[in-house]
Every structure is written in structure tokens, then in C-alpha cells.
Amino acid sequence: MLAIFRKEINQFFSSPIAYIIMVVFLTAVGLLLWVFPDTSLLDYGYADMGSFFNLTPYVMLFLVPAVTMRSIAEEVRTGTLEWLLTKPVSRWSVVAGKFLASWLLVALMLVPTLLYYVTLYQLGSPVGNIDSAGVAGSYIGLLLLAGVFVAIGLWASSLNDNQVVAFVLGVFFCFLLFMGLSEIAGLNVLGGLSYYVSYFALDEQYQALGRGLIDSRNVVYLLSLIVFFLLLTANRLKR
């Protein structure tokens with residue numbers, strides 16, 4: 001698994017893909033938070049990172065599938081997956097190594113955004129007048145949400161050998177779980193089931209972690225989703 005992990009990391013950073021995705025992510029989030037007047041933190045008047053944590057998942061909806069779309073689809077298209085599986089490595093090790101490499105890349109994209117917290121910490125009146133517990137909980141939620149998106153993207157990449165199809169499927173399934181379930185629950189067509197459907201929506205779990213209290217139920221649910229989609233990916237490789 002570590003060999004696969006190192007191979008994926010080297011492949012990411014030996015090509016412009018990782019750098020382009022990181023620059024696009026930081027530029028998009030930076031413009032939304034500091035330049036555009038409707039979402040600017042400077043115009044908001046409060047030392048609060050709520051806008052960042054509300055907007056970032058929508059940016060990640062598109063960028064995370066872009067990171068994972070080639071992970072397995074490219075291996076299938078070029079025939080290197082068959083060669084890889086003849087080596088003394090299990091399917092689970094292949095999937096886990098690719099998942100951890102992609103998740104690490106997404107986590108590295110989030111590291112520079114800590115500068116936003118430091119900036120707002122200093123701009124607060126008095127200095128430090130910011131909900132640090134809420135920020136920490138939201139970052140944990142964002143990392144777990146990114147992990148779910150990566151797992152979904154890997155599964156989508158295993159469904160087809162075309163990277164564009166893998167990207168579109170990844171965006172669709174991420175959007176469906178993040179917003180689709182809560183929107184369906186809001187239609188009130190399910191009666192008493194609406195509450196349970198909304199509970200399983202990713203945005204509900206993510207927002208719960210952003211309140212500053214880390215509930216083990218939210219963490220376990222997000223981790224379970226990650227394992228579930230990784231198992232689907234491993235099963236797809238087996239087939």
C-alpha cells in the first residue's frame with residue numbers, strides 16, 4: 001500500500017495537475033472570501049469563517065473528482081491495472097494507497113487556508129475574538145467531507161475507463177449525497193421518513209461538526225461512508 005501511495009504522490013507532483021488544482025482552489029476560495037462583495041469577509045464585519053466553510057464544499061464538489069478521475073480509469077485504459085494486480089499487492093492495498101494519496105493532496109490544499117484563520121484572529125476586536133472551537137470542528141468536518149468525496153471519486157473512476165465520464169459521475173454522486181438528499185427531504189413527500197433522509201445528507205453531518213462540538217456519531221457516519229465506497233471500488237476491481 002505504501003508503494004502505491006508513494007507512486008501516486010510522485011505522479012501527482014511530477015505533473016502540473018496537482019499544482020493547477022491547488023492554484024485553482026486557492027484562487028477561487030480567495031476571490032469568494034476577500035474580493036467578491038456579496039461573500040467578502042471584510043464586508044461582513046465579524047471575525048467569522050462561516051462563509052469559508054459554507055462555500056468551500058461547493059468548490060471541492062468539482063475539484064476533488066478532478067483529482068480522482070484518472071486514478072483507476074487511466075490504469076484501466078492503459079492496461080497497467082492488469083500488470084499492477086499481478087504484483088504481490090491486494091486489491092484493497094491498491095485502493096487504499098490511491099485513496100490516501102488523493103486525500104493527502106486535498107488536505108494539502110487546505111493547509112494554506114489556515115492563513116485566513118490567522119488573519120481573522122488578528123482582525124478581531126479584541127484580538128482573538130473568533131470561535132476557535134467552531135473553526136477546529138469545521139476543519140475536521142471539511143477533511144472528513146473531502147475524504148468522502150475522494151472515496152466517491154475513486155469509485156466513479158473505477159466504473160469507466162474514460163476520465164471525463166469518471167469526473168462527471170464523481171461530481172454527480174458527490175452533489176447527490178451532499179445536497180440532493182436534504183433537498184429531497186425538504187419536499188415533504190416522504191412524510192415521517194424526511195427526517196431520516198435529511199440526517200443521512202452529507203451537508204447535515206458537515207454542519208453538525210461545524211458547531212464546535214465533535215459528535216462521534218457524525219465522525220463515525222462519515223468514516224463509514226468512506227469505507228463503504230472504498231469497498232465498492234475494491235469490489236469493482238475484483239469484477
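In this predicted model, helix H2 (residues 16–34) packs with helix H8 (residues 114–123) at an angle of about 20°, and their axes lie 12 Å apart. Helices here are DSSP runs of H or I with at least four residues, while strands are E runs of at least two, and both are numbered from the N terminus. Axes are lines fitted to C-alpha atoms, for helices over the stretch in contact, and the angles run from 0 to 180 degrees between N-to-C directions. H2 and H8 are therefore roughly parallel to each other, a label for angles under 35 degrees, with over 145 counting as roughly antiparallel, 65 to 115 as roughly perpendicular and the rest as oblique. The crossing of H2 and H8 is right-handed, meaning that the near helix is turned clockwise from the far one by less than a right angle, with anticlockwise giving a left-handed crossing.

On the H2 side, Leu26, Val29, Gly30, Leu33 and Trp34 meet Tyr116, Thr119 and Leu120 of H8, where contact means heavy atoms within 4.5 Å. By class, this contact of H2 with H8 has 6 nonpolar, 2 polar and no charged residues. Ala, Val, Leu, Ile, Met, Phe, Trp, Tyr, Cys and Pro count as nonpolar, Asp, Glu, Lys and Arg as charged, and the others, Gly among them, as polar.

Residues are numbered from 1 along each chain as its sequence is written. Because the model is predicted, local features need pLDDT of at least 70 and side-chain atom pairs count only at pLDDT 80 or more, whereas totals for chains, interfaces and linings use all residues; side-chain values use heavy atoms, with hydrogens and water left out.

Turning to the aromatic rings, the structure holds 13 aromatic pairs. Rings of Phe, Tyr and Trp (its six-membered ring) pair if their centres lie within 6.5 Å; planes under 30 degrees apart count as stacked, over 60 as edge-to-face and the rest as tilted. One of the pairs, tyrosine 58 with phenylalanine 178, is edge-to-face, at 5.6 Å centre to centre and 85° between the planes. This pair links distant parts of the chain, 120 residues apart, with tyrosine 58 in helix H4 and phenylalanine 178 in helix H10 (residues 163–186). Tyrosine 58 counts as partly exposed at 37% relative accessibility, whereas phenylalanine 178, at 2%, counts as buried. Buried means under 20% relative accessible area, exposed over 50% and partly exposed in between (1.4 Å probe, protein chains only).

Phenylalanine 99 and tryptophan 103 have ring centres 5.1 Å apart and planes at 45°, so this pair is tilted. The two residues are 4 apart in helix H7 (residues 91–110), which means that about one helical turn separates phenylalanine 99 from tryptophan 103. Phenylalanine 99 is buried, with a relative accessible area of 4%. Elsewhere, ring pairs link Trp155, Phe172, Phe173, Phe228 and Phe229 into a cluster.

Three further buried residues complete the picture. Threonine 56 lies in helix H4 (residues 50–68) and is buried at 1% relative accessibility. Setting aside residues up to four places away in sequence, threonine 56 touches Phe25, Val29, Leu110 and Leu142. Threonine 233, in helix H13 (residues 216–238), is buried at 0% relative accessibility. With the sequence neighbours up to four places away not counted, threonine 233 touches Ile72, Val95, Ala151, Leu154, Trp155 and Ser158. Leucine 144 belongs to helix H9 (residues 132–158) and counts as buried at 9% relative accessibility.
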